[in-house]
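This briefing goes through the model by topic. It begins at the tail of the chain and then turns to the overall fold, the sheet, the core and the loops.

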Amino acid sequence: MTCGATVRTPQGSTTAGGARRTVCAVQRQCSRSGCAEPASVTLTYQYRVAVVWLDDLTGEREPHGYDLCARHSAKLSVPNGWRLEDRRPVGLRLAG
Ligand SMILES: [Zn+2]
């Protein structure tokens, strides 16, 4: 895998602006404001059933999800009456 590598448009290409794109879309940043850590967890929730899910970072950004770094996902707390379900593999789960 060449995660994080970028592809530059070859010189002489008709593509305007010397466009480049990221090959691997997985590398994303934590959604918490002020946090520059790379995201490792995707948080999704369903309001109707009051459940919050934590999953391994999804390949594509979830339209209704939040990407969190390990630190922020570890100290995540859910509102009163909500249930937190950590669906990540047990081996990677942090205590608590
Ligand atoms: Zn964070």
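Arg 88 counts as partly exposed because it has 17 C-beta neighbours inside 10 Å, a count that falls between the limit of 12 or fewer for exposed and 20 or more for buried. The residue belongs to the segment after β6, and its C-alpha atom is separated by 8.7 Å from that of Val 41, 47 residues away along the chain. The model is predicted, and every value below is computed from it.

**Overall fold**

- In sequence order the elements follow the pattern β-β-β-β-β-α-β.
- Of the 96 residues in the protein, buried residues make up 10%.
- Among contacts between residues at least 6 apart in sequence, 48% join residues at least 24 apart.

**The sheet**

- Four strands make up an open sheet with mixed pairing, and their order is β5-β3-β4-β6.
- β5 (65-68) and β6 (83-86) each have a single partner strand and stand at the edges, so one side of each is left without a neighbour in the sheet.
- On average, neighbouring strands of this sheet are turned by 25° against each other, direction ignored.
- Strand β3 (residues 41-46) runs antiparallel to β5, and four bridges join the two.
- β3 also runs antiparallel to β4, in this case with six bridges.
- Leu 43 stands opposite Tyr 66 in β5, and its bridge partner in β4 is Leu 54.
- Val 41 has Leu 68 as its bridge partner in β5.

**The nonpolar core**

- Which residues form the largest nonpolar core? There are seven: Cys 30, Ala 39, Val 41, Leu 43, Leu 57, Leu 68 and Cys 69.
- In soluble globular proteins, nonpolar side chains tend to be buried together.
- Val 41 and Leu 68 are both members of this core, and they are also bridge partners between β3 and β5.
- Leu 43, another core member, is the residue that faces Tyr 66 in β5.
- Cys 69 belongs to the core as well. Leaving aside neighbours within four places in sequence, Cys 69 is in contact with Cys 30, Cys 35, Glu 37, Pro 38, Ala 39 and Ser 40.
- Two of those contacts, Cys 30 and Ala 39, are themselves listed in the core.

**The β3-β4 hairpin and its turn**

- β3 and β4 form a hairpin with four residues between them.
- Ala 50 lies in the loop between β3 and β4 (51-56).
- Most residues other than glycine have a negative phi.
- Ala 50 counts as partly exposed because 13 C-beta neighbours lie inside 10 Å, where exposed would require 12 or fewer.

- Arg 83 lies in strand β6.
- Is Arg 83 buried or exposed? Arg 83 counts as exposed, because it has 10 C-beta neighbours inside 10 Å.
- Not counting residues up to four places away in sequence, Arg 83 touches Ala 50 and Val 51.
- The C-alpha atoms of Arg 83 and Val 51 are 4.8 Å apart, although the two residues are 32 apart in sequence.
- Gly 81 has its place in the loop between α1 (70-74) and β6.
- Gly 81 is exposed, because 6 other C-beta atoms lie within 10 Å.

**The loop between β2 and β3**

- Gln 27 lies in the loop between β2 (20-22) and β3.
- Gln 27 is exposed: the number of other C-beta atoms within 10 Å is 12, and the limit for an exposed residue is 12 or fewer.
- Gln 27 and Glu 60 are 33 residues apart in sequence, and their C-alpha atoms are 9.8 Å apart in space.

Terms used
Residues are numbered from 1 along each chain as its sequence is written. This is a predicted model: local features need pLDDT of at least 70, side-chain atom pairs count only at pLDDT 80 or more; totals for chains, interfaces and linings use all residues. A nonpolar core is a set of buried Ala, Val, Leu, Ile, Met, Phe, Trp, Tyr and Cys residues joined through C-beta atoms within 7 Å. Two residues are in contact if their C-beta atoms, placed from the backbone, lie within 7 Å. Two strands pair if DSSP finds at least two bridges between them. Axes are lines fitted to C-alpha atoms, for helices over the stretch in contact, and angles run from 0 to 180 degrees between N-to-C directions.
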